[in-house]
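Dear colleague,

Please find below the structure that I am handing over to you. My findings follow it, and I would ask you to read them with the structure open.

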Amino acid sequence: MSNIRSYEERLKGFDWSVSREVLGWTEGELLNIGHMCSDRICANGGADRTALIWEGFGGKKQTYTFDDLRVHSNAFAKLLQDQGLEPGDRICIFMDKIPSLYFSFLGILKMGGIAQPLFSAFGDESLEVRLDSAGTRAILTTQKHVKKVRKILDRLPELKHIIVVEGNEAKLKDGEVFFDVEAAPRVEEFDSFRAEPESPSVLHYTSGTTGQPKGAMHVHSSVWGQVLTASWVLDLRPDDIYWCTADPGWVTGTSYGIIGPWALGITQCVLDSGFTSKRWYEFIQDNRVTVWYSAPTAIRSLMRDGEDLVRAHDLSTLRHLASVGEPLNAEAVIWSEKAYGLPFHDTFWQTETGAMMIVNYPGMPIKPGSMGKPFPGIGAGLLDLETQEPVDEPGKVGLIAFRPGWPSMFRRYWKKPDIYRSKFAGAADDAMPDELRTDESLWYVSGDRASVDKDGYWWFVGRDDDVINTGGHLVGPFEIESALVEHEAIAEAAAIGKPDDVNMEVVKAVVTLNPGFEPSGDLELSIMNFIRKRLSPLAMPQEIEYVEKLPKTRSGKILRRYLRALEWGEEVGDLSTLEDD
Amino acid sequence: MAEMKDVVLEYIIDEYVDEDDDLEVGVDSPLISSGIVDSFSMVSLKIFLEKKYDIKLPDDEATPDAFDTVTKIVELVKKHQG
C-alpha cells in the first residue's frame, strides 16, 4: 500500500495540516528548514541513520549520518555568522554536487540567510547577472569555480565574502576565505534562526521570455508542500534509499534533493559525475536504490542504450520511479515498464510553484504521456488562451493556472513586483505580492498549455511563451541573444528552441553577421564555444543559421514565434505586424 | 602532420580545461564520466571533429560512452573516415 493510499479519498476534505501529521509535527516546534532536515531528525532518534551516500568521479565515496549533517551544517552556519552575515542576506552556493553543497545549504538556512544555489556550469556572465540581481553578499564555491567569481567581482559591489570550501588553500587570493568543513572543529551546538512561516529561505533564478532571469523567492513554510508531495508522490518511506538526479542549482535539486526527503528523515544518494548509462545503473545497483526521481532527457538517453544494459545490472531494489523537468513522452513510460518492470510517474511543477502540482500517483492508473491529476489542495484550472476565462470543455487547450495559496508557492520575484503581478490573471494594477499570493479569486498563470480529458487527466501541450525547455531546464532567449550579439561577428540574433529527440528542445540561433564576416564552420564553432563559456552548456546553440535579415515587427521587435513556427513546421499565425521588406 | 589523438587532445584541453585547473588530461582520461565535458558540450566537440576531419558522425554513435576518452573518439573518427 502506498503512502497516498487512494487519490480520490485524499481529495475529500483535504487540508494542508495533514503535512504536519506526516511529520509528527507539534505546535511550537522550530520551523526552520535547516533545523528540520538535521537537528529535528536527530532529536527524534535518527542521529545514526544514514542521511547521504555520496559518490564522486574515480571511486570516491563518502557516507554521512543525520548527526554529521547536523554538525556540518552547524559549522557552516557558524562560519557565516562569524563572517558578519545576517538573516536575510543572500548567500550563493556555486559548486558541483559535493557534500559541502548540501551541508552549506542547510547551514545558510540555520543562520537565517537566503540560500541562492546556482548551477556550477554557469559561465561568468550568467553568474554575474544572477548575483547582481540578488545583491548577493557572500558566495560559497570551490577552487575549480572561484575563477569565474574573480572575473566579475569588481562589478559586484555588494558581494563581500568569497568562501572556498574545496581545493588548494595555497591558491586562494587575498580576501578569500578557505573552509574545509570536515577538517574544521565540530560545531555541536548552533542556535538556529527562529524563522517565521513567511521568512525567506531559498532564491532560485528562472528564465522568462523577456529580460534577464528572475529570482523566485521561497519561504520556510514551503516545507509543508515539499514534505507532503515527497510522501504521497515519491512515496518515500523510512527504509528507502532515494536518488534524485537533479542538481540543487535547479529547484528539483533543493525541493526534492534536499528539503522534502531530509525533512522526512530519508537516506539519499548523490552521484557527482558525468552521465553515462552504465555509470547510472552501477550506482543504482551498488547503493540498492529503491526510489528514483529523474528527468525525461536522462530516461530517453537510457532508452537509447537499450535493455541489454539494463539486464546486465541488478536493479531489482527499485520500487518506484518518477520524472520531472519536461513532459515525459508515452514511449518512455511504456519502455520503462518493460525495461525496469516499473513505469516512470511524470510530475509537473515549476520553480515558481516550489513543489509538485499535477502528477501521476503511486497506485493510480497511468495514461502514458499524461501529466496526471492535480495534487490534493491544488486549485488547478485551464484558462482560455485569449480571454483568460476558465474553460472546462474536455480536450480544449488552455493555459495551466493555479489558485494562489499553496504552501510552497513563490512569494515574489526578487525586487520585481511588476513582473510578479503580471503572472496573475485578474490582478489589480497596484496589487502587491503579499496580496496576490493570498487572493484565491486570482489565477497564477504558469506559462504552459495543456488540455484535460473527460477522465480528469491533464495533457501537456507546450509553452505559451518563447522560453526554451532544454533537457528539463528553462533557458531564456533574451539572455542568449544578449550574449550572442557580444560576439564580434554577430550583428543581430534570435534564439529559439528546435526539436530534439533526447532533450525535447535544444537552442538554435538565427543570426545576421557584421560586415567582414562570412558563415563558416570555424565561425559556427567559435559562436558555440563563446556562449558555452559565457552562459552555460545548456544555453549553447546546437545549430546556427545565418540569414540576411531577421523577421521583425514594424516596431523593430524580432519575431521569434515566426522563426519557431518555421522550425517546428507549425502555422505561423497572424503576421499582420510583420515588418515590410 | 600532428597525429589525430594529439589534435583532439589539444582541442579538448584548450576548450574544456581551465589553465590553472589541477587536471592532467591524457588520451585515456575519462571526459564525459568525469564531467570534464558535459553532454550538451559534446555537440560542439562533435562539430569540431566533423569539420576538422570532413566526416559525419551519426547521432546514435556519438554517445557519451563513445566520447569518453580521446582514444575512443579517435577510433570513432577513423571508422567514419573509411
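Where in chain B is the place of Asp54(B)? In this predicted model, Asp54(B) is in the loop between helix 2 (42-53) and helix 3 (70-81) of chain B. The residue deserves a look for its backbone: the phi of Asp54(B) is near 50°, a positive value in a residue other than glycine. As background, most residues other than glycine have a negative phi. Asp54(B) is exposed, because 10 other C-beta atoms lie within 10 Å and a residue with 12 or fewer is counted as exposed.

Arg288(A) is not a glycine, yet has a positive phi of about 55°. Its place is in the loop that runs between helix 11 (277-287) and strand 12 (291-294) of chain A. Arg288(A) has 14 other C-beta atoms within 10 Å and is therefore partly exposed.

I turn next to confidence. The average pLDDT of chain B is 88, and 96% of the residues score at least 70. Within chain B, helix 2 has the lowest confidence, with a mean of 89, and helix 3 has the highest, at 94. For the complex, the predictor gives an ipTM of 0.87 and a pTM of 0.92.

How many residues of chain A are in contact with chain B? On the chain A side there are 20 residues, and they meet 20 residues of chain B. Helix 8 (143-152) and helix 18 (521-534) of chain A each supply at least two residues of the side that touches chain B. Helix 18 of chain A gives the most to that side, with 6 residues. By class, the residues on this side of chain A are 8 nonpolar, 6 polar and 6 charged.

Lastly, the domains of chain A. The assignment gives domain 1 (7-359), domain 2 (380-463) and domain 3 (468-568). The centres of domain 1 and domain 3 of chain A, taken over C-alpha atoms, are separated by 31 Å. Their contact takes 23 residues from domain 1 and 20 residues from domain 3. On the side of domain 1 that touches domain 3, helix 7 (124-134) and helix 12 (296-304) of chain A each supply at least two residues. Helix 12 of chain A gives the most to this side of domain 1, with 4 residues. This side of domain 1 has 7 nonpolar, 12 polar and 4 charged residues.

Yours sincerely

Terms used. Residues numbered from 1 in each chain as written. Chains lettered and ligands numbered in written order. Predicted model: local features only at pLDDT ≥ 70, side-chain atom pairs only at ≥ 80, totals over all residues. Buried ≥ 20, exposed ≤ 12 C-beta atoms within 10 Å, placed from the backbone. Contact = placed C-beta atoms within 7 Å. Nonpolar A, V, L, I, M, F, W, Y, C, P; charged D, E, K, R; others polar. pLDDT = per-residue confidence, 0-100. Domains from an automatic or database assignment.
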